[in-house]
Amino acid sequence: MFRRLPDAAAGPLVPVTIDGQGVMVPEGESAAAAALAAGMVPTRTTPVSGAPRAPWCMMGVCFECLMEIDGEPNMQGCMVPVRAGMVIRRQEGARRLPAMPGTSHEAAGASLGAASGAPAAAPANPQG
Amino acid sequence: MVSGPGEGHYAKPGLATEEESFDFVVVGSGPAGMAAASEAMRRGLSTLLLDEQPAAGGQIYRGIEAAADKPAHFARLGADYQHGRALATRLRDSGAVLRYGAFVWEITKDRRLTVSREGRSTLVHAGQILLATGALERPVPIPGWTLPGVMTAGAAQILLKTAGQVPAGRAVLAGSGPLLYLLAAQLIEAGAPPVILVETQPADNWMRALPHLPRALRNPALLKKGLGLLKTIRGAGVSRFAGATDLEALAGEDGRVRALSFMRRGRRVEVECDLLLLHEGVIPNMNLALALGCASRWSDTRLAFEPETDEWFQSSVEGVAIAGDGAGIEGAQAAEQQGRIAALGAAMRLGRITRAEAEAEAVPPREALAGWRGARPFLEALYRPADGQRIPSRADVIVCRCEEVTVADIRDAVATGALGPNQAKAFTRCGMGPCQGRMCGPTVTALIGQIRGVPPEEVGYYRLRPPLKPIPLAEIAAMAVASGGERQDAIRDRLPGGG
């Protein structure tokens with residue numbers, strides 16, 4: 001859907017995986033921008049009806065660019081800069097709640113701010 | 001935890017390390033925020049600037065410092081954008097503490113901010129606060145606006161500024177407002193011209209704009225710039241279709257947008273495209289101000305709720321100012337002047353300068369602000385969005401993108417007794433998704449007003465509550481642990497059903 005101008009890249013090329021494909025992406029570009037340039041469209045399907053969606057605002061407001069980044073679901077792709085080795089995946093429907101030993105799903109995955117059981121929290125620690 | 005340089009002034013001994021204090025905390029690093037932080041440092045206020053984005057600039061000067069390192073790219077983006085570089089440099093040199101990737105998810109009336117950054121939430125106490133949260137694009141709820149390949153014009157501009165990306169296929173620009181012309185010209189400069197520009201502002205807008213033209217001509221630079229953009233668009237052979245109504249984004253077999261369909265002169269026109277970029281102007285991004293309880297009123301000329309502010313841009317909440325587009329859309333140049341005035345007001349309220357000093361220092365920015373304001377009434381009238389672009393009529397149009405609530409759902413809610421957005425939310429889940437009503441709020445208010453036949457101020461807006469963005473419970477719980485339990489009460493108040 002988008003292509004990069006040759007003289008305006010955000011940074012040096014680094015290897016990342018987008019939708020299962022290894023690609024070289026300018027470091028510092030947002031994960032959502034990288035997904036659009038790589039043609040990973042839709043970037044998610046909705047938890048309500050499974051409808052395909054892709055980024056709308058690119059400024060952190062609309063939450064349409066929710067995607068899975070380095071195994072963490074519900075990341076706002078437009079707010080996460082690309083780094084070497086990043087793995088970007090489409091988010092299908094409702095996010096999967098991470099199974100954490102000794103905790104219930106509610107405790108592990110619950111978040112405030114979105115009453116919806118669907119897309120919700122950004123991970124506590126995106127870099128692991 | 002890094003402490004601010006001026007923590008001594010407001011430091012509260014005995015609190016956990018996660019708390020710090022500053023004389024002046026600015027939320028947002030667009031033109032208003034950058035100018036305010038620089039001005040405040042000049043007045044000796046310890047200043048913290050917070051922004052959710054990874055660098056200074058806001059949306060108008062998005063990625064300004066990185067772009068300045070790429071000469072060809074920087075040149076293409078034009079003089080208005082380049083103006084932001086000096087602001088960013090001044091901010092960097094000001095000595096203000098700058099924190100990016102920082103999201104303020106709560107502010108209390110006693111000026112305590114809760115800030116999430118890198119997965120940790122901490123508390124900041126502020127002597128004075130400036131909300132410089134800027135604008136967001138008005139939703140454009142046409143049929144098919146949720147299809148992949150339909151985005152805002154602003155989104156395409158952000159991709160150009162920050163990633164040097166341009167549309168790869170056939171791009172159609174549609175809507176109303178100067179940003180469409182600017183984006184079209186920028187894409188032409190970048191060698192990726194749009195296929196066509198479809199304009200939706202009603203033809204009789206001209207009649208209402210004309211009386212404001214003499215005042216606008218007092219600052220002719222702005223209008224001259226607009227005419228220059230139109231010349232660029234014409235020169236590149238990009239057609240403009242004026243007077244379009246009943247827009248619809250059509251889906252292809254792959255589920256992406258395939259074409260834009262619209263009515264013009266009584267006939268339906270269809271234009272094939274790979275990318276549809278919509279725009280119907282911008283509105284204040286007020287979520288933080290509304291959640292704090294700042295008083296607001298409806299502007300019928302700008303078709304948006306706006307906070308009430310005094311001559312120093314102080315809101316109805318003592319010690320909390322709102323400047324820039326977040327206080328009412330007036331553009332980047334005006335925002336910069338407002339930021340300076342707001343910082344002087346903060347310094348005055350903190351007793352660092354006298355009222356007489358503040359008044360004297362505020363003369364130049366106030367004069368500049370008046371100059372930049374001159375053209376606004378003309379532009380507001382000329383590009384006032386058509387009702388049809390703002391208030392969807394077809395029953396199946398999605399109003400709330402997050403929860404997929406349609407026009408029919410909202411009509412049902414009103415028919416069963418919902419008088420305003422908060423009841424509609426309870427009935428339909430509209431506004432309950434992760435964007436917290438930012439994408440549907442203006443539409444829900446307008447739609448309910450239309451159905452009930454009452455003005456927007458009577459309909460009202462969503463009642464917003466912190467956290468203003470989804471925050472993991474674990475992050476909030478970690479605050480309690482780190483604070484040794486002292487903040488438990490405050491934290492319990494934030495839990496659903498708490499307090």
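Searching the whole structure turns up five cavities of 30 Å³ or more. Keep in mind that this is a predicted model.

Let's start with the largest cavity, whose volume is about 240 Å³. Its lining consists of 19 residues, and those nearest the centre are I283(B), P284(B), F305(B), P442(B) and Y461(B). Four elements of chain B each give two or more residues to this lining, and here they are with their residue ranges.

| Element of chain B | Residues |
|---|---|
| β17 | 282-284 |
| α12 | 287-292 |
| β19 | 304-307 |
| α19 | 441-452 |

Of these, α19(B) gives the most to the lining, with three residues. Sorted by class, the lining of the largest cavity has 12 nonpolar, four polar and three charged residues.

Now for a pair of helices elsewhere in the numbering. In chain B, helix α17 (residues 407-415) and helix α18 (residues 421-428) have axes that come within 9 Å and cross at roughly 110 degrees. Angles from 65 to 115 degrees count as roughly perpendicular, so α17(B) is roughly perpendicular to α18(B). The crossing of these two helices is right-handed.

Which residues make the contact? From α17(B) they are D409(B), I410(B) and A413(B), while α18(B) supplies A424(B), F427(B) and T428(B). By class, this contact between α17(B) and α18(B) has four nonpolar residues, one polar residue and one charged residue.

Notes
Residues numbered from 1 in each chain as written. Chains lettered and ligands numbered in written order. Predicted model: local features only at pLDDT ≥ 70, side-chain atom pairs only at ≥ 80, totals over all residues. Heavy atoms only, no water. Axes fitted to C-alpha atoms, helices over the stretch in contact; angles between N-to-C directions. Parallel < 35°, antiparallel > 145°, perpendicular 65-115°, else oblique. Left-handed = near helix turned anticlockwise from the far one by under 90°. Contact = heavy atoms within 4.5 Å. Nonpolar A, V, L, I, M, F, W, Y, C, P; charged D, E, K, R; others polar. 1 Å grid on protein atoms, 1.4 Å probe; cavity = no way out; pocket = protein on both sides within 12 Å on 5 of 7 lines; lining within 4 Å. Points joined across faces, edges and corners; volume = space filled by probe spheres on them.
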